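Here is a short report for a first look at a structure. Take the sequence and the 3D view together, then read on.

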Amino acid sequence: MRRKILGPKPHPEPRPGITSAKVLKPELIDNPDAREVYDWVRQIPQIVDGIRCNCGCADLEGYYSLLTCYEEKGMAQHCQICQGQGRLAYRLHQQGWTLNGIRNAIDVKYGD
């Protein structure tokens with residue numbers, strides 16, 4: 001009998017045409033300390049949509065990517081991992097990193 005070795009779930013591919021239209025607007029964010037990272041995520045939805053979140057929300061129904069954490073219920077408002085990954089993705093993107101490089105950096109810092 002052969003055992004399958006499970007590793008971390010792969011990062012998703014950014015969906016074509018993805019936008020930040022569903023990211024919570026500032027007036028709907030309960031945690032004022034999270035508003036800045038929401039603003040940053042709104043600027044790079046095509047990057048954040050290509051990143052797997054490592055807080056455990058990837059197992060929730062309807063989840064697709066880290067971008068999902070910033071939409072609808074806005075679980076990222078109160079999750080330090082979601083916020084940390086969003087901050088790191090934004091900072092590295094601003095420095096010119098590629099999506100694959102950002103994924104690798106997030107895996108190193110937040111991976112299992």
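## Ground rules

Two residues are in contact when heavy atoms of theirs lie within 4.5 Å. The model is predicted.

## The core and Tyr38

The largest nonpolar core has 30 residues. Tyr38, Ile51, Leu66, Cys69 and Tyr70 have the most contacts inside it. Four helices each supply at least two residues of this core: α1 (35-43), α2 (45-48), α3 (80-94) and α4 (99-110).

What does Tyr38 touch, leaving aside residues up to four places away in sequence? Its partners are Val23, Leu24, Ile29, Cys69, Tyr70, Gly74, Met75, Ala76 and Gln77.

## Two aromatic pairs

The model has 2 aromatic pairs. In one, the ring centres of Tyr38 and Tyr70 are 4.7 Å apart. Their planes meet at 70 degrees, so the pair is edge-to-face. Tyr38 sits in helix α1 and Tyr70 in the loop between α2 and α3, so this pair ties together parts 32 residues apart in sequence. Both Tyr38 and Tyr70 are buried.

Trp40 and Tyr90 also pair. Their ring centres are 4.9 Å apart and their planes are at 5 degrees, so this pair is stacked. Trp40 belongs to helix α1 and Tyr90 to helix α3, so the pair ties together parts 50 residues apart in sequence. Tyr90 is buried, with a relative accessible area of 14%.

## Helix α4

Which residues of α4 are buried? They are Leu99, Gly101, Ile102, Arg103, Ala105, Ile106 and Tyr110. Their cover includes α2 and α3.

Technical notes
Residues numbered from 1 in each chain as written. Predicted model: local features only at pLDDT ≥ 70, side-chain atom pairs only at ≥ 80, totals over all residues. Heavy atoms only, no water. Core = buried A, V, L, I, M, F, W, Y, C linked by side-chain atoms within 4.5 Å. Buried < 20%, exposed > 50% of the residue type's maximum accessible area, 1.4 Å probe, protein only. Phe/Tyr/Trp six-rings, centres within 6.5 Å; stacked < 30°, edge-to-face > 60°.
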